[in-house]
Amino acid sequence: MLSLFFATTNKSGKKKRKITKAERLKQLQEEEERRQKEEEEARVKYEKEEMERLEIQRIEKEKWHQLEAKDLERRHEELEELCLLEGCFPEAEKLKRDTRLLSQWKHYIQCDGSPDPSISPEINTFISLWKEETNETLEEVIAKSKLVLKLIDKLKLILLETPPYDLEDKNIKQYQGSILELQELLHLKFNIATEILLRQASTLADLDSGNMEKVIQDENVTLYVWANLKKNPRYKSVRFSETQIGFEIPRILATSDIALRLLHTHYDHVTPLRPVPTSLREYTATVNHLVKDEVKYEETAVDKELQEEGKQQENESNSVDEEQTKFEEQSGSEVQTSFVQEESEATKCEVEMKLLSETVLSGKHWQTDGISNVSYKPEDRLVTFSLEMLGPITLIQDAHINMPFQSWELTPLDVDQVLLTVTTVFTTIQIQIKENLCLLASITLSNKKHFSILEGKWMTPISFICALKEAGLNIFPSEHSHFYVVINYKDPLIEMKAYRQLALLSSAFAFGWSKWNIVCSSNKVIVKLKEHLSEKPIQKPNWTLLMFSGDRAQRLKINENSETFSEALKEETEFHSTLYHMVKDFASQKAMEKVRSSSCQLIDSVCYMLLSTRVLSYS
């Protein structure tokens, strides 16, 4: 019989006790039993944890259903209260209508001789009488142009500000026709007056050069006229006295009978008139429908109108930023010329020079053909370029250079005043809103404060938007902007509701951009909020995150510094049907009293600016 045994040695090499086969089998059996016991304990622990997890889920689901049931139970009551609060929008519209009527009455009793452009006989009489006036000098035409430009601006504002139910199609055609007729007549008057001036060129000759030089400057127009009387070939380079405006001409033209006019306008007289944007005119009309539909839960009936609310005017998408320079050659010859011009305020960021060529003049298309040798001296703010032919020249800025936005914030100031801050790649723009007026509070370029001629001027929201766009500060998306800008698309109906409710709360609460608004779905918006009753900025503010889906608002458990996104509800909070009632749960009584006592005009203006900038989709 063969006997097996195991022997082991220790470190010193001495043999230990021998382990038999039976003992080894016993050890293996004990290890197997221990492993099975550990597995059983792990299984029991897992089952227990799973049961606990399922129980927690069951409790959370039950609690969720209870919160949903509670939300549904009080939804009608909350929407009715919201409807009463949003009665401020039709009230603000009524005040705007009264203001328009009062403006017409003031003009009527003023009797200053200027026509009311909205009344067809008056504006037609004005145009007819001005056509009959002959032999007007450039100074007289420029003086008259102030009134003409005011009439044009007034007609444009009427088209933009008047709601559709107060403006018939025949009125729209009448106003647009008057605008075109005034623009064409003004340009014709400049041409006639220039011809009259050139007839007197010999009496206005410069003592040094012997040629005629004339500069006439106004707030809206700067006119430069030069006539080649001496035909001296040495005078190929001309600079107008006490200006940085000049040009160079070839030798052959320096010995020819030619005259050159540079008409530098601070308004756009070249771009064709575009159709009136419906989004601006239909704003208040849509407001009333939305208030009623929310209570009746008929949201689909207004969806088409609400989609148009996100649109913004494209009035000047192909036009001059703020200033444009028009060149005209009296001889009609094709020349190679260069011109040095002072850079306008609107051309701070990435401007592009374009020429309205005679070959495409009938189609009103800008092109870059025929422009060469373009150079820019930043220290002198001078642009130099050469032309193959003379014609209208403009500096055009990318309409979407400030989009998308980096961030935004809406902060209460004094009583019935709010500050909207929009930060773009290049600029930080602060807009102060007071009742039915807007003010450009400040502009920051590359961390340096920049002065603008618009600062300190209170304007109505529509006038303010037009002025900012003309100054090259376009932060107002148009109906086609999403084709050129990567946006954070949000459902237009939800976005519209959010802006209205943010405006309702804006007098006592600050709102701002949240990085989680990009992560959540298109049928939800997320903003950060804090109560703000002091005029001084709050150091290290404690922001609260709110999520809104159009018919439900909730506080989020996460904060702005969380690592991952979650829609989990904050502990001990509930669902509500509106942002107003959500905020009401944790806001102070003083803050809610301030909200309820806010001016209807302020709420309307804040909502209008939020709709115009669309910060929830374009940030």
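Does Phe-240 count as buried or exposed, and what surrounds this ring in the way of aromatic pairs and clusters?

Reply: The model is predicted, and every value below is computed from it. Phe-240 counts as buried, because its relative accessibility is 1% and the cut-off for buried is under 20%. Phe-240 belongs to one aromatic cluster together with Tyr-224, Trp-226 and Phe-247.

The count of aromatic pairs comes to five. One of them joins Tyr-224 and Phe-240, with 5.2 Å from centre to centre and 45 degrees between the planes, a tilted arrangement. Tyr-224 sits in strand β4 (residues 221-227) and Phe-240 in the loop between β5 (237-239) and β6 (246-248), so the pair ties together parts 16 residues apart in sequence. Tyr-224 is buried too, at a relative accessible area of 7%.

Another pair is that of Trp-516 and Phe-565: the ring centres are 5.8 Å apart and the planes are at 35 degrees, so this pair is tilted. It links distant parts of the chain, with Trp-516 in helix α12 (residues 516-519) and Phe-565 in the loop between β22 (553-555) and α13 (579-584), 49 residues apart. Trp-516 counts as buried at 6% relative accessibility, whereas Phe-565 is partly exposed, with a relative accessible area of 25%.

Aromatic faces also meet charged side chains. Lys-434 lies over the face of Trp-458, 4.5 Å from the ring centre. Arg-555 lies over the face of Phe-586, at 4.3 Å from the ring centre.

Definitions and conventions. Residues numbered from 1 in each chain as written. Predicted model: local features only at pLDDT ≥ 70, side-chain atom pairs only at ≥ 80, totals over all residues. Heavy atoms only, no water. Phe/Tyr/Trp six-rings, centres within 6.5 Å; stacked < 30°, edge-to-face > 60°. Helix = DSSP H or I, 4+ residues; strand = E, 2+ residues; numbered from the N terminus. Buried < 20%, exposed > 50% of the residue type's maximum accessible area, 1.4 Å probe, protein only. Lys NZ or Arg CZ within 6 Å of the ring centre and 35° of its normal.
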